Amino acid sequence: YKVAGASEPASYTWMISTNTGAAGGIQTFSGVDTANPIDVENGQTTSSGLDHSTPSIVTTVDNTMLVTSHTFSSAATWTSPTGMAEGFDVSGGLQATEGNYALQATAGATGAKTATASADADVGNTHILALRPAISFRSAESAGVASGNLTINKPTGTVQNDVMIGTIGVRPETVTITPP
C-alpha cells in the first residue's frame with residue numbers, strides 16, 4: 001500500500017526482470033487511518049480451478065473496508081466474490097487479475113471471498129486485507145501487458161492522504177519485480 005502524498009506521479013511502474021505478461025490495478029480509498037491503515041491481512045496460493053478463494057481474516061474494529069485481489073495465469077475475466085464490488089478486472093494476456101472491495105460493518109471473521117474465473121482453470125494467488133475506518137472507495141485504474149514492464153495510471157481523483165492499494169500478477173512466478 002501507499003499513502004498518497006501532496007504530489008503523486010500520473011502512473012506507477014513495476015519493473016519486471018523477464019519479458020512476460022503481467023496485470024494489476026490500484027484501488028484508492030479515502031477516510032483511511034493513514035498512520036496504521038491495515039487492520040489485518042492474509043493471502044494464499046490457490047489450487048488449479050476456476051474458483052479462487054481468499055483465506056478468512058478476523059477484523060478487530062467495526063466498519064473496515066475489505067479489499068481482495070485474485071490472480072491466475074490466463075486471459076480470462078472474473079466474477080467478483082458475493083457481496084463485493086469490483087474495482088478492476090484486467091488481463092495482460094498471460095495473467096488475469098481482479099480487485100474488489102466491501103464494507104464490513106462489524107468486527108469479526110470475514111469468511112473466504114471467492115472469485116470465479118470465466119475460463120482456463122489454473123493455480124492462482126489471492127489476498128485479503130481490512131482497512132481501518134472511516135473509509136470510502138474513490139476510484140481504480142488497471143493495466144495489462146503481454147510483455148515488458150507494467151505501468152498503471154494513478155486513479156482519478158486521488159488526493160493527499162488517500163490510501164492506494166496496488167495489486168499485480170505476473171507469469172512465471174520466478175521473475176524479479178521491482179516496485180515503483
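I began by noting that buried means under 20% relative accessible area, exposed over 50%, and partly exposed in between (1.4 Å probe, protein chains only).

I am working with a predicted model, in which local features need pLDDT of at least 70 and side-chain atom pairs count only at pLDDT 80 or more, while totals for chains, interfaces and linings use all residues. Residues are numbered from 1 along each chain as its sequence is written, and side-chain values use heavy atoms, with hydrogens and water left out.

I then looked up the salt bridges, each being a side-chain nitrogen of Lys or Arg within 4 Å of a carboxyl oxygen of Asp or Glu, and I found 3 in the structure.

In one of them, the side chains of Asp-162 and Arg-138 meet at 2.5 Å, N to O. This pair links distant parts of the chain, 24 residues apart, with Asp-162 in the loop between β13 (150-153) and β14 (163-170) and Arg-138 in strand β12; strands (E, at least two residues) are DSSP runs, numbered from the N terminus. Asp-162 is buried at 2% relative accessible area, whereas Arg-138 counts as partly exposed at 35%.

I also noted the salt bridge between Glu-8 and Lys-2, at 2.9 Å, N to O, where Glu-8 counts as buried at 14% relative accessibility and Lys-2 as partly exposed at 36%.

Finally I turned to Gln-104, which is found in strand β9 (residues 96-104) and is buried, with a relative accessible area of 12%. Leaving aside neighbours within four places in sequence, I listed the contacts of Gln-104 (heavy atoms within 4.5 Å), among them Thr-59, Asp-62 and Leu-66.

Conventions: Helices (H or I, at least four residues) and strands (E, at least two) are DSSP runs, numbered from the N terminus.
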